[in-house]
Amino acid sequence: MLARLLALIVKEFLTILRDSKSRAVLIGPPLIQLMVFGYAASFDLNHVPFAVYDQDQSSYSRDLVADFAGSPTFQQVAVLHSPERIRSLIDSRKVDMVLDIDPRYTRDLLTNRPAPVQIIVDGRNSNSALLILGYANDIITSASEEWSKSHGGVAPLARLVSRALYNPNLDSHWFIIPGIVALLTQVITLLVVGLSVAREREAGTFDQILVTPLRPLDILIGKSLPGLVIGLVEGSVVILATHFWFDVPLEGGLAQLYTGMFLFTAAVTGIGLMISSLATTQQQALLGAFLFMVPSIILSGFATPIANMPVAVQYLTWLNPMRYVLDVVRDCFLGQPSFAMLMPDYAAMAALACVSLAAAGWLFRKRAV
Amino acid sequence: MFAMANMPAPPEPAATPLRLAGVTKRFRIAKREITALGDVHAETSPGLVTGLIGPDGAGKTTLMRLVAGLLSLDEGRIEVFGTDVSTEALKVQGMISYMPQRFGLYEDLTVQENLDLYADLNGVPQADRSASYTELLHMTGLAPFTSRLAGRLSGGMKQKLGLACTLIRPPRLLLLDEPTVGVDPVSRRELWQIVDHLVRQAGMSVLLSTAYLDEAERCDEVLLLHEGQLIGSGQPEAFTQTMAGRSFHAHAPGVPKRALQAVLTATPGVTDALIQGEAVRLVLDEGTTPETIQPPGVSGLALSPVAPRFEDRFVDLLRAQNGAKPRAALSPPPSGGSSTAMRAAIEVAHLTKRFGAFTAVDDISFTVKRGEIFGLLGANGAGKSTTFRMLCGLLPATGGQLKVDGYDLRRAAAAARGRLGYMAQKFSLYGDLSVLQNLHFFAAAYGLRGARRNERINWALSEFELAPFADATSRDLPLGFKQRLALACALMHEPDILFLDEPTSGVDPLARREFWQRINALAEGGVTVLVTTHFMDEAEYCDHLVIMAQGRILATGTSEALKHAARSSALPDPTMEDAFIALIHADSGQEQAA
């Protein structure tokens with residue numbers, strides 16, 4: 001019995017790896033995706049172009065401008081002398097923000113009244129507008145604290161000292177890149193497994209193995225193990241790159257990480273095999289894989305928090321294995337979770353894996369038309 | 001013009017529909033260069049049907065596409081009515097119509113809408129349309145079906161609609177690429193009538209490609225292609241005539257037909273030996289007289305002369321090219337089956353299969369005896385593939401009983417499948433794996449191990465002469481070798497029952513003969529063979545036949561009995577195809593009467 005299984009597994013690896021084109025597909029695109037995501041995907045803003053409309057033209061106002069221009073977040077690209085150009089600069093996306101200092105700025109400052117400063121941001125991208133306002137607010141708050149201190153003013157009532165655990169600089173790369181581990185593992189596993197049954201259906205070899213004494217369970221194991229191995233190997237490559245190339249710390253235990261990765265890959269393999277058994281051609285299988293892939297990424301919390309989603313959609317995410325593995329991967333990279341802490345995620349993925357693999361095995365024979 | 005410099009090209013009248021001079025086309029597939037056409041010189045005559053005859057991979061479609069200006073030539077020159085295709089492709093395309101193998105019908109449009117679409121695409125003026133529609137619909141017999149969706153037509157009707165769409169703008173030269181492939185014999189005859197009509201009435205020149213050698217006899221002239229080489233051209237009668245006096249029916253009292261065929265194939269002086277009904281059809285080497293045929297161990301051999309066929313000449317030409325005759329099949333007779341010899345190999349009773357409202361197989365019953373070659377014949381959609389798949393356990397039956405070696409394979413334990421071998425229509429192999437890896441996989445899948453496994457793999461490599469290709473990627477094998485490998489994989493575990501689904505479609509006549517020799521040897525050794533085929537002459541090799549149409553069994557019996565039933569004063573010696581058509585006609589007549 002073991003010999004038959006082994007033959008199935010060897011055959012599966014050979015069909016995937018013997019052809020130089022499909023070998024290239026396994027190595028090239030994931031690496032490119034990793035690089036693109038790793039460098040491009042970030043919530044942090046740097047070098048935000050801004051213009052200054054300084055109506056005060058005093059040394060105090062120039063200090064404030066210097067605080068902005070000197071911060072790594074902002075980059076001054078224009079100086080305005082009239083309000084007319086503000087709109088055209090923003091419309092043409094030459095600047096994302098305009099710092100408008102009122103002519104009464106110095107006067108109010110020296111008379112201990114709140115000095116008026118206006119920040120105009122491009123609200124078309126609401127996400128970055130909020131971030132820009134946040135950064136601008138930080139700069140102005142620290143400037144006014146500074147002023148109060150040096151001019152003997154009253155200290156503010158409370159001073160907020162914030163400290164972020166696990167990601168002290170709140171570097172969003174540390175949040176996104178571990179997510180890519182899950183993302184790429186899912187993409188590769190789904191493609192390798194999702195096409196495998198459909199490819200054999202197209203070639204007629206699936207009928208050929210169905211008439212051999214191999215049992216559906218043998219075929220199921222023979223089909224899923226190679227997908228599992230390839231998914232885990234690809235996942236490991238991304239894990240290594242995340243740690244050594246993108247310098248994301250790997251604090252947690254590898255055992256916890258790989259338990260999660262294994263259960264996740266098993267669940268994705270089951271889903272891929274289900275899609276593949278339902279499809280009659282590789283084209284249908286590919287379409288099916290993408291129909292699953294896109295919502296599963298959006299509903300995973302990869303980019304947007306699940307807590308922000310409508311309640312009904314939040315229930316839907318329970319069916320999404322990627323949702324759970326993201327918790328595991330992020331926890332393991334930045335924290336030191338114990339097995340007990342991750343148990344709910346493990347259990348959910350194990351359940352999804354069992355159901356999807358069983359369904360796939362049942363569909364093999366059912367869908368033999 | 002420089003390509004013409006080294007070859008004399010005497011000026012010819014421009015009426016020559018097609019002139020090929022040194023036509024060469026090469027393809028690169030996976031770092032190997034394949035010559036699809038090598039230095040082909042030929043000319044066709046106006047107002048005739050020119051047949052482009054050859055098996056799959058001979059270069060027929062490549063030549064068609066070159067003539068239609070869809071591919072560019074590597075060397076040589078093609079002229080259509082004196083116009084060079086390479087330099088004036090548009091002008092040539094104005095003179096021809098090309099119907100590819102899979103004509104681009106829009107399956108979600110009706111017959112009429114398809115015609116309108118192709119009339120629009122070809123810029124046929126509105127005023128001319130109704131007259132040409134009427135004629136085309138009448139000619140193709142599609143007039144009652146104008147509002148039917150093209151996707152709902154039968155295979156033969158689709159081909160006729162494709163032909164009608166191709167003919168909306170009547171061309172001077174019509175190119176038809178395998179119009180009769182996958183079409184049942186009745187529709188095949190109708191398509192041929194249309195082509196004949198076009199040539200006679202409209203004076204059109206037709207270039208028609210086909211892999212069916214019996215169709216060559218219906219052409220006015222033929223070009224024979226094999227592996228990209230033109231191996232003959234001329235009138236089919238002339239080809240057939242060269243074989244006069246070389247074809248015989250052989251009988252020997254007390255010698256079973258398969259044994260006789262095996263012995264005769266190996267006898268010196270014999271070009272070809274085929275089973276035809278109860279006799280063996282012999283073609284002798286050139287210059288050999290019937291008296292000199294002395295097969296060892298056979299006494300009382302009686303030879304009676306029969307009319308030569310086109311296929312005889314084709315085989316003769318191929319033998320001359322390939323040199324050696326295939327060795328006699330040496331398959332060892334399988335040992336199994338003795339204890340269960342009395343049990344029928346396959347029993348089918350009241351088997352029914354419905355897909356929704358459509359009944360694909362309608363209450364059929366038959367029994368296959370052990371050691372028999374049993375043929376399942378029928379047009380596309382007759383239900384033979386569905387029956388076949390149910391027998392293999394690939395498809396659940398809606399009703400009725402079926403037993404293969406005593407088991408319903410859909411329900412029986414996996415081990416029961418170990419008794420049967422299965423070879424699918426498309427030679428289902430793992431294309432990315434090497435020959436040896438395929439053999440290893442199927443050996444393991446059938447549970448062979450250790451010394452036994454090595455022994456069987458070595459048997460396959462030597463018996464099927466696959467050893468030189470052991471490390472070659474299966475996808476790149478020539479078609480004939482793919483077929484051998486598929487059969488080797490199916491025989492790995494020495495099955496008692498062998499299922500073959502259209503096992504010879506597309507392979508050349510020599511490979512088909514070799515294949516049937518092996519099958520015959522297996523049957524002699526006690527293996528039960530169930531085969532579906534659409535080659536009517538292959539039906540002659542079967543001991544027992546079932547002819548299916550529209551999910552029902554029209555007739556069962558030996559090929560002799562079926563042919564005998566079709567005999568009439570008009571057809572004193574009907575072929576298997578005649579018998580098939582007579583059955584279909586009788587059936588549809590009954591239906592109309594009912």
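In this predicted model, chain B contains an open sheet of six strands in the order β6-β7-β8-β3-β9-β10, with mixed pairing. The edge positions are taken by β6 (96-99) and β10 (229-234) of chain B; each has a single partner strand, so one side of each is left without a neighbour in the sheet. On average, and with direction ignored, neighbouring strands of this sheet are turned by 15 degrees against each other.

Turning to chain A, one finds 14 helices and four strands. Its domain assignment gives domain 1 (2-41 + 171-366) and domain 2 (48-149). The C-alpha centres of domain 1 and domain 2 of chain A lie 48 Å apart.

The overall dimensions of chain A can be set beside this division. Its C-alpha trace spans about 95 × 45 × 40 Å along the principal axes. The radius of gyration of chain A is 28 Å, whereas a compact globule of 369 residues would have a value near 21 Å. Of the 369 residues of chain A, 39% count as buried. Among contacts in chain A between residues at least 6 apart in sequence, 79% join residues at least 24 apart.

Conventions: Residues are numbered from 1 along each chain as its sequence is written. Chains are lettered from A and ligands numbered from 1 in the order in which they are written. This is a predicted model: local features need pLDDT of at least 70, side-chain atom pairs count only at pLDDT 80 or more; totals for chains, interfaces and linings use all residues. Two strands pair if DSSP finds at least two bridges between them. Helices (H or I, at least four residues) and strands (E, at least two) are DSSP runs, numbered from the N terminus. Axes are lines fitted to C-alpha atoms, for helices over the stretch in contact, and angles run from 0 to 180 degrees between N-to-C directions. Domain bounds come from an automatic or database domain assignment. The radius of gyration is taken over C-alpha atoms; the globule rule is 2.2 Å times the number of residues to the power 0.38. A residue is buried if 20 or more other C-beta atoms lie within 10 Å of its own, exposed if 12 or fewer, and partly exposed in between; C-beta atoms are placed from the backbone. Two residues are in contact if their C-beta atoms, placed from the backbone, lie within 7 Å.
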